[in-house]
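Dear colleague,

Please find the structure below, followed by a short account of what was found in it.

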Amino acid sequence: MTKMQFLSFEGPEGAGKTTVIQAIQPFLAELTGQEVLLTREPGGSQVAEGIRSILQTKTTPAMDGWTEALLLAASRREHLVQTIQPALAAGKVVLSDRYLDSSLAYQGGGRGLGMDKVRALNEFAIQGRMPDLTIYLDLPVEIGLQRIFENRQDKIDRLDEEALSFHQQVRRTYLELVDEQPQRIKLVDANQDLDRVIAQVQEILQTHWR
Ligand SMILES: Nc1ncnc2c1ncn2[C@@H]1O[C@H](COP(=O)(O)OP(=O)(O)OP(=O)(O)O)[C@@H](O)[C@H]1O
Ligand SMILES: Cc1cn([C@H]2C[C@H](O)[C@@H](COP(=O)(O)O)O2)c(=O)[nH]c1=O
């Protein structure tokens, strides 16, 4: 059984991470008897939220891929030190909407920087602190993008507008990560009714809680 103090949710655009995380917060608090902190990347601390704004701003020319990866690693460092570690030390469960796997999938895969190099870059930021358990919400990228473009027009950001091939590469890289680390990363089919997605996530959490 996995220790379950620090959890992350991952997935392509529109997979339902934010919706599912909010739905399972009370369940997780009840299951663990601990306070559950919801947080997100990029963001989750004052400086990291500032970096998020920079990352979401469209520029001409477009931001260099390594600059993007470095800003994400810096925001992750700040998130870890200012928010995640203090919450864990206070005995809370931390539930993060994205963490390092997003950089591996988006920058390593989508941008083509390579997973190994992006992992090495992030090692300075996280010093080995990975989530105890990661839920990966999987779905065809066309469906996730359609959900966003139909329901969240006001919040479409720079990365949402990348080419379909970029998003497909992101998903392929996530699936490689699931194959590589089946103990930590649990795949849930997000292309089904929200109630079923939530129920399957709850089952996984129940199985892993000790
Ligand atoms: N299982 C589902 N079936 C249908 N619609 C869903 C489902 N899950 C979420 N949605 C809807 O899809 C949209 C995107 O969901 P949400 O914002 O939770 O995704 P996300 O993974 O956090 O996206 P992003 O990473 O792009 O921020 C929302 O309008 C949400 O209501
Ligand atoms: C952490 C992280 C995020 N991204 C991308 C993925 C999304 O397009 C945005 C975040 O938006 P969300 O609505 O909050 O999911 O940022 C990335 O490319 N690399 C990362 O490490």
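The sheet is open and has five strands, ordered E2-E3-E1-E4-E5 with parallel pairing. Strands here are DSSP runs of type E with at least two residues, helices are runs of H or I with at least four, and both are numbered from the N terminus; two strands pair if DSSP finds at least two bridges between them. On average, neighbouring strands are turned by 20° against each other, direction ignored. Axes are lines fitted to C-alpha atoms, for helices over the stretch in contact, and angles between N-to-C directions run from 0 to 180 degrees.

This is a predicted model: local features need pLDDT of at least 70, side-chain atom pairs count only at pLDDT 80 or more, and totals for chains, interfaces and linings use all residues. Residues are numbered from 1 along each chain as its sequence is written, while chains are lettered from A and ligands numbered from 1 in the order in which they are written.

Strand E4 (residues 133-138) runs parallel to E5 and is joined to it by five bridges; Leu137 has Val188 of E5 as its bridge partner. Helix H1 (residues 17-32) packs on the sheet and touches strand E1 (6-10), E2, strand E3 (93-97) and E4. Contact requires C-beta atoms, placed from the backbone, within 7 Å. The direction of H1 makes about 170° with that of E3.

Ligand 1 is surrounded by 15 residues (C-beta atom, placed from the backbone, within 6 Å of it). The closest are Gly16, Thr18, Thr19, Arg147 and Asn151. H1, helix H6 (141-151) and helix H8 (194-208) each give two or more residues to this shell.

Yours sincerely

How values were computed
Contact = placed C-beta atoms within 7 Å.
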